[in-house]
Amino acid sequence: MTMREKIEEAAARYPDQRSAIMPALLIAQEEHGHLPGPVLEEVADILGVERIWVYELATFYTLFHTEPVGMFHLQLCNNVSCMLCGSEDLLGHLETVLGIRKGDTTPDGLFTLSTVECLGACEMAPVMQVGDDYHAHLDVMRINALLDRLRAIAGAASVERASARVPWE
Ligand code: FES
């Protein structure tokens, strides 16, 4: 199924096409990895809505990425509960061990580091979202262990890709 077909199928569930922008953006991001301008325009054209409406949503919500992100997008909450539980120190630690600043991606393309507003899991502060998963009650040791696990996943994925190649490739 093409991206257009998936978006049209999702949009058919909504009486107002403007309401279908969020699911359409999720489909487009799944397809392209991020949402550059031409993709946003394509989404608007498929839905027959104003392009500005699509731009507004894509740039407002942190789950949408208008720029490319690394294999793992580390989204550390910096709202009140998490900040009181040490998220600022964890941000500094992440910047140090990854060698990047907030908003950047590591040169190997593995990690993008962002801060976000409340993730709605204040009782588990400090919290960081990586992909669809939440990592809670974080401290330096848990962050280090998490980064090791993510690097291992990336390593396994690259071995899998390499072994899946046909011999003459
Ligand atoms: S303040 Fe961090 S999850 Fe709510």
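Strands E1 and E3 (residues 128-130) pair in the antiparallel sense, over three bridges. Here strands (E, at least two residues) and helices (H or I, at least four) are DSSP runs, numbered from the N terminus, and two strands pair if DSSP finds at least two bridges between them. Within this pairing, Gln75 stands opposite Gln129 of E3. The model is predicted: local features need pLDDT of at least 70 and side-chain atom pairs count only at pLDDT 80 or more, while totals for chains, interfaces and linings use all residues. Residues are numbered from 1 along each chain as its sequence is written, and side-chain values use heavy atoms, with hydrogens and water left out.

E1 also has strand E2 (residues 111-116) as a partner; the two run parallel and are joined by six bridges. His73 has Thr112 as its bridge partner in E2.

How many of the six residues of strand E1 are buried? Six of the six residues of E1 (residues 72-77) are buried, so the strand is largely enclosed by the rest of the structure. Buried means under 20% relative accessible area, exposed means over 50%, and partly exposed lies in between (1.4 Å probe, protein chains only). Phe72, Leu74 and Leu76 point one way from E1, and His73, Gln75 and Cys77 point the other way; all are buried.

Trp53 lies in helix H4 (residues 51-60). Trp53 counts as partly exposed because its relative accessibility is 27%. Leaving aside residues up to four places away in sequence, Trp53 touches Arg18 and Ile21, where contact means heavy atoms within 4.5 Å. Leu40 is 13 residues from Trp53 in sequence, and their C-alpha atoms are 9.8 Å apart.
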